[in-house]
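Subject: Structure handover

Hello,

Here is the structure we talked about. Please open it and keep it beside this email while you read.

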Amino acid sequence: MGPMRRTVLGIFAALILAAATACTITTKDPGYVPPAPLPPMEQLEQAAVVDAKNFANGDGVISFITEDRTVACSLTAARGEHVNLPYEQNNFADTANNKLAIVPVAHCELAKYPQPKSEDAKDDCAGTNLGYLGGVALLTPDSARYGECRSGVTQMEATYGPKGSKAGALAQLQVLGDGQNLEGNGLRCSAYNGGVACGNVSAGVGFFVSPEHYELISRPVETASPVPGNPSKTP
């Protein structure tokens with residue numbers, strides 16, 4: 001065998017050895033249990049905040065939709081009950097409402113959703129106590145609520161529900177990836193655990209919504225410190 005042939009074979013063998021040692025084979029551990037998702041407020045506090053520039057949806061509004069198209073949310077503002085949503089008809093810009101204070105809010109709509117618990121119904125729907133439906137969550141800096149009075153479906157339900165059009169303004173929203181976090185006007189929203197959490201981290205107020213369940217979060221009532229007793233007297 002000539003020197004050239006031995007050299008070529010040596011190089012070829014070296015390449016095969018390098019390729020073989022570079023390959024790794026992974027196998028699933030049948031005993032592995034993935035960690036449980038973080039509680040909503042911890043997720044909002046710990047997840048890295050992404051650049052909101054790509055989610056801008058009008059003057060001061062940040063909007064997104066989840067990858068599975070089940071929840072759409074906006075970090076926006078409200079005047080009273082009028083929420084500034086670019087994809088919903090509203091009276092936020094009506095001059096008659098200029099006297100109302102502008103409040104930062106997070107607003108989410110769902111395509112499929114649970115019904116509100118009776119204790120979470122915060123409106124008597126013009127005294128009828130009828131028509132308080134789920135599918136919408138609203139966060140202000142100091143409170144969170146689930147449900148609203150309405151006679152029809154949410155915009156998300158009309159777009160991505162069982163008979164949805166799959167078209168329109170909501171279909172154009174930017175997707176917020178699972179685990180990502182957005183912030184606007186001191187409020188945060190994160191897509192994770194099959195739904196969306198929104199909250200005011202500093203106040204400990206927020207909500208989590210998904211097609212299967214929802215959770216309203218409020219800061220625990222602080223118990224008053226016990227009144228110190230009179231100092232003992234020494235004889």
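Which strands each supply at least two residues of the lining of the largest pocket? They are strand 3 (82-83), strand 4 (102-110), strand 5 (132-140) and strand 6 (143-149). Keep in mind that this is a predicted model.

**The pocket**

The largest pocket holds about 780 Å³ of space. Its lining has 31 residues, and the closest to the pocket centre are E81, V83, H107, R145 and E148. Strand 6 gives the largest share of the lining, with six residues. Sorted by class, the lining has eleven nonpolar, twelve polar and eight charged residues.

**The disulfides**

A search of the whole structure turns up three disulfides. Count the bonded cysteines along the chain, and the pattern is 1-2, 3-4, 5-6. Take the pairs in turn.

C73 and C108 are bonded, with sulfur atoms 2.0 Å apart. The link is right-handed, at 110 degrees about the S-S bond. C73 sits in strand 2 (residues 71-79) and C108 in strand 4, so this pair ties together parts that are 35 residues apart in sequence. C73 is buried, at 0% relative accessible area. C108 is buried too, with a relative accessibility of 0%.

C125 and C149 form another disulfide, again with 2.0 Å between the sulfur atoms. This disulfide is left-handed, because the torsion about its S-S bond is about -90 degrees. C125 lies in the loop between strand 4 and strand 5, and C149 in strand 6, so the pair ties together parts 24 residues apart in sequence. Is C149 buried or partly exposed? Its relative accessible area is 31%, so C149 is partly exposed. C125 has a relative accessible area of 9%, so C125 is buried, as the cut-off for buried is under 20%.

C189 and C198 are also bonded, their sulfur atoms 2.0 Å apart. Their link is right-handed, with 110 degrees about the S-S bond. C189 is buried at 0% relative accessibility, and C198 is buried at 0% relative accessible area.

C189 leads on to a sheet: C189, in strand 9, is the bridge partner of L182. Five strands make up this open sheet, in the order 8-9-10-11-12, with antiparallel pairing. Strand 8 (181-184) and strand 12 (214-217) are the edge strands, and each pairs on one side only. On average, neighbouring strands are turned by 10 degrees against each other, direction ignored. Strand 8 and strand 9 (residues 187-192) run antiparallel and are joined by four bridges.

Best wishes

Methods:
Residues are numbered from 1 along each chain as its sequence is written. This is a predicted model: local features need pLDDT of at least 70, side-chain atom pairs count only at pLDDT 80 or more; totals for chains, interfaces and linings use all residues. Side-chain values use heavy atoms; hydrogens and water are left out. Two strands pair if DSSP finds at least two bridges between them. Axes are lines fitted to C-alpha atoms, for helices over the stretch in contact, and angles run from 0 to 180 degrees between N-to-C directions. On a 1 Å grid over the protein atoms alone, a cavity is a set of points where a 1.4 Å probe fits but cannot get out, and a pocket is an open set with protein on both sides within 12 Å along at least five of seven lines; lining residues have an atom within 4 Å of a point. Grid points are joined across faces, edges and corners, and a volume is the space filled by probe spheres set on the points. Ala, Val, Leu, Ile, Met, Phe, Trp, Tyr, Cys and Pro count as nonpolar, Asp, Glu, Lys and Arg as charged, and the others, Gly among them, as polar. A disulfide is a pair of cysteine sulfur atoms within 2.5 Å. Buried means under 20% relative accessible area, exposed over 50%, partly exposed in between (1.4 Å probe, protein chains only).
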